[in-house]
Amino acid sequence: MRFLLVEDSEDLARAVASRLAMEGHGVDHAPTLADARHFLETAPYDLILLDISLPDGDGRDFLARERAARRDTPVIMMTASASVSDRVSTLDQGADDYITKPFDFGELQARCRAVLRRRDGAVDSRRHFAGFVFDSLAATLSVGDETRELRARELRLLEILLSRPGQAYSKAHLIDRLFSFDEEVSDNAIEVYVGRLRRKLDGSGARLETLRGVGYRLIPE
Amino acid sequence: MNALARLLDPSRTISLRRRLVWQFLVLSALLVVGLFLTVGWVADRASRASQDAVLGAAVTAIADGIRSVDEGLELELPYATFSMLSAMGEERIFYALSVGGRMLTGYEDLPQPASHPDGLQPVFWNARYRGADLRLAAVTRQMLVDNRSEPVVVSLGQTRLGQAAIARDTARSAAWAALAFLVLALPVALLAAQAVLSPIRSLADVVGRRGPRDLRPVRHHTPRELAPLLRALNGLIGRLRASLELAETFIFEAAHRIRTPLSLVRTEAELALSETTDPATRVRLRRMVRAIGESSRSANQILDHAMVLYRTDQFAAAALDLSNLVRAVVRAVRPLADMRDIRIVARGTDLPCPIQGDERMLEIALRNILDNAVKYAAPDGLIEVELTRSDGFAVFAVLDDGRGLSDDSLALMGRFRRGGNVGDTSGSGLGLTIVTEVASAHRGRFALSNRKTEGTCALLHLPLR
């Protein structure tokens, strides 16, 4: 997916962009609202991550103008303020959702998915690999005529493995990305989800391979 | 006297109305006493003047009835005069007639005037005689007695019992009339006091009815005398608004300045975590990310709690549909549940559920209940959200299939209290306090219990509109 990140802190923007790139997303960074306007005129985006407080204005006013001009690219506001009235006012202005800084990337990912799911059909989220089609928004995996539903963590796992097919991911790395940091999980917790995904991938022409002492990778059979 | 002392005590709040009424009463009482004395004095003078006229006429008539004859003096008593004197009531009359200082006839010991009257006009004086107050008149005539001109003095005294009584009666009647007037005027005075004070009350009403966030200047029609108060009030409101705006800007700015670098730290830590394989470093980085998450969650909850306390103080309920609110909150929480493969099933939110309440407070409460359920539900679990109506209450129920409660659930409602079986999950312990406070502000109640099967049941009752 292609994100436009509107955030005035250069360091934070770079870090968020790298983190989103890790998930396989493309990110353009606009440090001001003027830059954001320029980016939006030149390229289509699947989602805008919009900070509220920017050097050349308030993100909420920018959003209100966008909506008034009938440009409806989904927007998730990044608020530094946790006050409910601020959160509600961002939704009134036409934001699709909000997330409070500092945010959990898992949560951001989940919110993006929920927003795009509500905007049904706006984004082609299907991906072909080996003998199956993976739809990350619909959370389905289709093999031939058969459609298999994926639970959230199976989906996340498949997304991560598919972002760089053939590359091995360690258990620890997968745990960091699959579980919230608030949960205390053992390294073996990942095996449950690997097992489940393997069953869903049955007969799909792809294989979830265990590399002893290294981790897991997805390869075509 | 006691009441007066209380009235003058500076530490007491003053009632303007009472003060006005008191002033009216005291002034009126002084007026009544003054009237009594004045009328008494005037009546006394008037009665004395008329008595003097009669006495003067009588004594002159007697004196004029004295003729000198060869044998001496001849007195012809003027009966008409005496009948005039007797017309003045039950008064006693005393007289004395002396010639050249020798008592001729009448009461020998009748008091004599201080100075001997000369000229034709009678003199008058008061004296005490035989146990009664007398008004006396005397007149002198020069008569030829034995070919010598001798002064003949006629004195006439009359008691003044009746006259004094009349004067007293008159004064008393005047006082009674004034008192009656006072009694009749008291309710009028009360009404007047009320009318004078009513603009103050209506101004207070206008200011009192305002919502907590209404900081516009007061534009109320007040009498000229209240204009300085209104100006002062509006000045205060203006300063309050300016300082609140400053505080809000400050909090917003502070939050922004703190949370942006915290976001950077957290993101960089996550990136570092993805690039390292050293187990010790990983543990450190995970701890760091966790601490940042915890601090921002605690900050959120403390702010939420402050907001709930503030809004409880200024409770302003509005009509709202709880179903809408539940749908919105479920929608906001669903992605979080999704991350942990927890399903949320909502029932009963398609029917309108009208209640009276503060939307922001209720949102915080519902959000806290649901966040809690997501936090403690079993992995791959199910959270059931149910909105029902029973006995005049809207019942918001959240059932999870987690580990349930280990302690007495009531103990969890205290500030910063957490259950004994949650060491592996982070939280500030403020969430349930917030929910309880919101419930009681709405005259509702909140209860947490263990389900018969696994898990916890949270019940929030709110009165239906």
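Over all chains of this predicted model, the count of salt bridges comes to 39, a salt bridge being a side-chain nitrogen of Lys or Arg within 4 Å of a carboxyl oxygen of Asp or Glu. Because the model is predicted, local features need pLDDT of at least 70 and side-chain atom pairs count only at pLDDT 80 or more, whereas totals for chains, interfaces and linings use all residues. Residues are numbered from 1 along each chain as its sequence is written, chains are lettered from A and ligands numbered from 1 in the order in which they are written, and side-chain values use heavy atoms, with hydrogens and water left out.

Within chain A, Lys101(A) and Asp51(A) are joined through their side chains by a salt bridge of 3.4 Å, N to O. This pair links distant parts of the chain, 50 residues apart, with Lys101(A) in the loop between strand S7 (97-100) and helix H5 (105-118) and Asp51(A) in strand S3 (residues 47-51); helices (H or I, at least four residues) and strands (E, at least two) are DSSP runs, numbered from the N terminus. Both Lys101(A) and Asp51(A) are buried, where buried means under 20% relative accessible area, exposed over 50%, and partly exposed in between (1.4 Å probe, protein chains only). A salt bridge of 3.0 Å, N to O, also connects the side chains of Arg119(A) and Asp96(A). Arg119(A) lies in the loop between H5 and strand S8 (126-129) of chain A and Asp96(A) in the loop between helix H4 (84-92) and S7, so the pair ties together parts that are 23 residues apart in sequence. Arg119(A) is partly exposed, with a relative accessible area of 24%, while Asp96(A), at 11%, counts as buried.

In chain B, the closest N and O atoms of the salt bridge between Glu384(B) and Arg347(B) are 3.0 Å apart. Here too distant parts of the chain are linked, Glu384(B) belonging to strand S11 (residues 382-390) and Arg347(B) to strand S9 (residues 343-347), 37 residues apart. Glu384(B) counts as buried at 18% relative accessibility, and Arg347(B) as partly exposed at 35%. Salt bridges that share partners join residues of both chains into one network, including Arg19(A), Glu23(A), Arg266(B) and Glu270(B).

The interface of chain B and chain A contains 7 salt bridges by the same rule, one of them between the side chains of Asp380(B) and Arg151(A) (4.0 Å, N to O). Between these chains, 14 residue pairs are in polar contact, both residues at pLDDT 80 or more; a polar contact is a pair of N or O atoms within 3.5 Å, of which, within protein, one must be able to donate a hydrogen and the other to accept it, and residues adjacent in sequence count only if both atoms are side-chain atoms. On the side of chain B that touches chain A, the elements giving two or more residues are helix H5 (227-275), helix H6 (279-313), helix H7 (322-339) and helix H8 (359-376), and H5(B) gives the most, with 15 residues. The contact takes 42 residues from chain B and 52 residues from chain A, contact meaning heavy atoms within 4.5 Å.

Elsewhere in chain B, Arg445(B) is placed in strand S13 (residues 445-450) and is partly exposed at 46% relative accessibility. Beyond its neighbours within four places in sequence, Arg445(B) is in contact with Phe393(B), Ala439(B), Leu459(B), Leu460(B) and His461(B).
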